[in-house]
Amino acid sequence: MDEKIILLVEDNPKDEALTLRALKKGNILNEVIVAHDGAEALDYLFGRGEDGNLRALPQLILLDLKMPKVDGLEVLAKMRSNERTRLLPVVILTTSAEDRDRLDGYRLGANSYVRKPVDFVQFTEAVTQLGLYWLVLNIPPPNTGR
Amino acid sequence: MSLPILVVDDSLTVRMGLAEMLEAAGLSVTACATGAEARAALADGQFSLAILDVLLPDADGIELLKEIRGTASAAETAVMLLSTEAEVRDRVRGLRTGADEYIGKPYDPNHVVARALELAGRLAPSAPTTETVLLIDDSATFREALKATLEEAGYHVAAAASGEEGLGLAAFVRPAAVVVDGVLPGIDGPTVIRRIRFDAALRRVPCLLLTASEEEDAELRALEAGADAFVRKDHDTAVILAKFKAMLRSAGAQAGGEIAQSLLGPKKILAVEGSESHLERTAAAVRACGYDVALARSGEEALELLAVQPVDCILLDARMPGIGGLETCRRLKDIPVMRETPVIMLGDAGDADSLLEALGAGADDFISKASEVEVLQARVAAQLRRKLFEEESRLHRAQQLQRELEAAETRAAKEIAEVRAALVEELEMKNKELDSFAYSVAHDLRAPLRSIDGFSQALLEDYTEKLDDQGRQYLGYVRESAQQMAELIDNLLSLSRITRSEVQRESIDLGALARKIGSRLEQRDPDRKVALVVADGLTAQADGHLMTIVFENLLGNAWKFTRDRAEARVEVGAATSEGQTAFFVRDNGAGFDMAYSSKLFGVFQRLHSAKEFEGTGIGLATVQRVIRRHGGRIWAEGEVDRGAAFFFTLPNGAGGPGALAHG
């Protein structure tokens, strides 16, 4: 698969819109799949599509922490304990910069932790850099996605 | 094994008599006839106790005592002086020189041995008295036979021929067990056991009562008296030994703790009479009962003596030269520690006034001088018994009081611990609440701000042609406000985090920290030219993360308020204030009016309008909190348009009241 999919896990529709806008502004035109909470994210990653097959794994996951039902840290823990998703790059993209969230995020194996800036210009800048780095510059480990 | 005892007396009889008895009680003895021999013995070895005759052919016992007290190696040696009672002065001098005991001749050898055992044991509390069995029987043959059997079985035996002698020994030997014959001259076996049960120091000692075969109610009597076991005397000694061992086994588990001095110890009586012949007669009568007697010839002498030697009972002549008996009695009873000591006044027969006078002066009893010796002896015994009862019950009361006190203390300690635990729990809960409050502020308040800013920006970008200049300006204001509020939230969070976090002190180079933050400020604002001057050697014991916050705020302020200066200058250094090192950050910027200096450190307090200088009004409040958490002080000096200086101290060690986490 050449298509590099981004999985955006975000419960706030306004943040979702802003993130999508920022990606577009940064000329990152990859397909973005949006999961609106942790349960949806897990469903996408581990469930089967309409054709009965496992879905294509994303190249990058942008993960919000505070979400209803299943929160971001739980999603991360499940991913890291599953062989198929163990090495997927996960960037925590969240409002909180509290020590314990950062610590928990890194402990559970997040690849990056980015706090969403309030200033939209800065936010766009951050998202653009993230996309460039993880989708273009970064070389993923072999055999991911299969 | 305890150290030997030194006996120095020129009389061979005294020397040998004491040595034999002390050795029989399990102590080793070195006997000397002269001062010279004694000095040689003292130079050669150490002794637990020295028994010294005051009058030696070649020396003075008190001089020997002085030498012993002056020798470092003999510092632990107890000293007992023996003397024919000639002068009260000798006795006073002996006790003042540091004698532990002073016993008048003629003395009761049992008394001397008992005191010797006590004094020697005092310095060797683990002396092997625990395995000693006290055997009381008036039949010499039976006593010796049973003693031999017990010794064969590995016990050390102290033997006594009468109940009185046995009790006297028990007080000091502290036997591990007592074997007593039921039938004795004087007080009988059950009485001996009752007395032992009555004594706080001895009441847990197991007692075996030996009974005659023909006694019908022997068992009942033995149990009534509190004997742990009884055995018929006509049994073979092996049977008695077996019974004895069984008793020890069952009693072994409940050995009690050590209690203070026994109340059954030998008694010391002070006889005070003006007439030498009367004094002799009284002393002889009292001595005959086995008491140790001290003599005084006037009330003054008696008082002098009592100041250095407590006694158990005082026999006081009512009519004497000097202050006389009545006044002596009054003065005695005025001394708190003497109040409990019984005083028996000796007066003229049939004189009712004398009796009333004596009792009025505080005497406990009155006897006519013409009374029979037996009457005197009986009255003394009665007074001693009364004193014994009183001491015993006082001991009980004291013990009970002590127990109550301990119980109360335990209760109080428990209550304090409970209250403290509750407070700590409450504090933890409050901190947790604050924590989750701060967390939701951080998260939930920022998210809408991002929308406000983001969609304003989207409007500006996507709908710019539908907006006129003013519309665009308004959207700019919306964004500005959103960002300002975000900064405010961040600062408030930082402030609350400082209150909650623990201060972790380490050695910090504040100068290096200031330079690092200064260069960061320069990078952020490359158009500004600020001369940053940092003094050398600015080190402190402080929390590195918190001090970074302090300098970010103070230097950030200095940068901000020197914005309008052509030659901005910021200085970081140290000065001495009230004997303490005060670090400072000084600038030549806008300054402030000292009249408002008290408002500088309040949350949301600002001395400049947002138009002049932007800011949230939280920075200095944060700095103050950091300094307080370090137990330090912060203050500021300034003048409008002439700059400001912020001083703070960082005392070493544990912080002040701010060291505890509080809201």
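Reader: Which residues meet where α4(B) and α12(B) come together?
Author: In this predicted model, B:Val88, B:Arg91, B:Val92, B:Leu95 and B:Arg96 of α4(B) meet B:Glu301, B:Glu304, B:Leu305 and B:Val308 of α12(B). Sorted by class, this contact has 5 nonpolar, no polar and 4 charged residues.

Reader: Why are α4(B) and α12(B) called roughly parallel?
Author: Their axes are 9 Å apart and the packing angle is about 20 degrees. Angles under 35 degrees count as roughly parallel, and α4(B) and α12(B) are therefore given that name. Their crossing is left-handed.

Reader: What makes α12(B) and α13(B) roughly parallel to each other?
Author: Here the axes come within 9 Å and cross at roughly 25 degrees. The cut-off is again under 35 degrees, so α12(B) and α13(B) are roughly parallel as well. This crossing is right-handed.

Reader: Which residues of α12(B) and α13(B) meet?
Author: On the α12(B) side they are B:Gly299, B:Ala302 and B:Leu303, and on the α13(B) side B:Gly324, B:Gly325, B:Glu327, B:Thr328 and B:Arg331. They divide into 2 nonpolar, 4 polar and 2 charged residues.

Reader: What pairs with β9(B), and in which sense?
Author: β8(B), residues 177–181, pairs with β9(B) in the parallel sense over 4 bridges. Two strands pair if there are at least two bridges between them, so the 4 bridges of β8(B) and β9(B) are enough. In this pairing B:Val180 stands opposite B:Leu209. β9(B) is also joined by 4 bridges to β10(B), residues 229–232, and these two run parallel. There, B:Thr211 stands opposite B:Arg232 in β10(B).

Reader: Now to chain A. In what order do the elements of chain A run?
Author: From the N terminus on, they run β-α-β-α-β-α-β-α-β-α, with 5 helices and 5 strands in the chain. The strands form an open sheet in the order β2-β1-β3-β4-β5, and the pairing is parallel.

Reader: What makes β2 and β5 of chain A edge strands?
Author: β2 (32–35) and β5 (112–115) each pair on one side only. Neighbouring strands of the sheet are turned by 20 degrees against each other on average, direction ignored.

Reader: How do you know that β1 and β3 of chain A pair?
Author: Count the bridges: β1(A), residues 6–9, and β3(A), residues 60–63, pair in the parallel sense over 4 bridges. The requirement is at least two, so β1(A) and β3(A) meet it. A:Leu7 stands opposite A:Ile61 in β3(A).

Reader: Why is A:Lys69 called exposed?
Author: A:Lys69 has 12 other C-beta atoms within 10 Å. Exposed means 12 or fewer, so A:Lys69 falls in that class. A:Lys69 is found in the loop between β3 and α3 (72–80) of chain A. Its phi is near 60 degrees, a positive value in a residue other than glycine.

Reader: What makes B:Asp641 exposed?
Author: B:Asp641 has 12 other C-beta atoms within 10 Å, and the limit is 12 or fewer. B:Asp641 lies in the loop between β21 (634–638) and β22 (644–649) of chain B, with a positive phi near 70 degrees.

Reader: Finally, how many residues does each chain give to the contact of chain A and chain B?
Author: The contact takes 15 residues from chain B and 15 residues from chain A. On the chain B side, α15 (373–462) and α16 (469–500) are the elements that give two or more residues. α15(B) gives the most, with 12 residues. By class, the chain B side has 7 nonpolar, 5 polar and 3 charged residues.

Conventions: Residues numbered from 1 in each chain as written. Chains lettered and ligands numbered in written order. Predicted model: local features only at pLDDT ≥ 70, side-chain atom pairs only at ≥ 80, totals over all residues. Contact = placed C-beta atoms within 7 Å. Nonpolar A, V, L, I, M, F, W, Y, C, P; charged D, E, K, R; others polar. Axes fitted to C-alpha atoms, helices over the stretch in contact; angles between N-to-C directions. Parallel < 35°, antiparallel > 145°, perpendicular 65-115°, else oblique. Left-handed = near helix turned anticlockwise from the far one by under 90°. Buried ≥ 20, exposed ≤ 12 C-beta atoms within 10 Å, placed from the backbone.
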